[in-house]
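Please open the model in a viewer and keep the selection panel at hand.

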Amino acid sequence: MATTPSDAEVLAALQRSGNAATYVVKNWLNMIAGRERFTTAQVRRRLKDMEVRGLVARAQSGYAVMLCWKAA
């Protein structure tokens, strides 16, 4: 069974990188873990859930389909 990142882990990664695309947050989480632990899809689902709860917000992106995030 695949694990998902915790809210605290995601917020720590966002604080390290500021506004970041989903794949950047995933890369930071995997660097912190020291191995390939999370997929982009897992991180995106967690970020969307956290957005609903008001913990993160979408940030401006220069691309049409790339989701960028910031701590709320």
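**A residue and its surroundings**

Begin by selecting Ala13 in this predicted model: apart from its neighbours within four places in sequence, Ala13 is in contact with Val25, Trp28 and Leu29. Is Ala13 buried or exposed? Its relative accessibility is 0%, and because buried means under 20%, Ala13 counts as buried.

**Two helices**

Next, select residues 22–33, which form helix H2; the axes of H1 and H2 come within 9 Å and cross at roughly 110 degrees. H1 is therefore roughly perpendicular to H2. To display the contact, show Glu9, Val10, Ala13, Leu14, Arg16 and Ser17 on the H1 side, with Val24, Val25, Trp28, Leu29 and Ile32 on the H2 side. Coloured by class, this contact of H1 with H2 shows eight nonpolar residues, one polar residue and two charged residues.

**The sheet**

Now turn to the strands. Three of them, in the order E1-E3-E2, make up an open sheet with antiparallel pairing. Select 20–21 for E1 and 56–59 for E2: these are the edge strands, and each pairs on one side only. Then select residues 68–71 for E3, which is joined to E1 by two bridges, the two strands running antiparallel. Within E3, Trp69 is the bridge partner of Ala20. Finally, bring H1 back into view: H1 packs on the sheet and touches E1, E2 and E3, its direction making about 100 degrees with that of E3.

Terms used: Residues are numbered from 1 along each chain as its sequence is written. This is a predicted model: local features need pLDDT of at least 70, side-chain atom pairs count only at pLDDT 80 or more; totals for chains, interfaces and linings use all residues. Side-chain values use heavy atoms; hydrogens and water are left out. Buried means under 20% relative accessible area, exposed over 50%, partly exposed in between (1.4 Å probe, protein chains only). Contact means heavy atoms within 4.5 Å. Two strands pair if DSSP finds at least two bridges between them. Helices (H or I, at least four residues) and strands (E, at least two) are DSSP runs, numbered from the N terminus. Axes are lines fitted to C-alpha atoms, for helices over the stretch in contact, and angles run from 0 to 180 degrees between N-to-C directions. Angles under 35 degrees count as roughly parallel, over 145 as roughly antiparallel, 65 to 115 as roughly perpendicular and the rest as oblique. Ala, Val, Leu, Ile, Met, Phe, Trp, Tyr, Cys and Pro count as nonpolar, Asp, Glu, Lys and Arg as charged, and the others, Gly among them, as polar.
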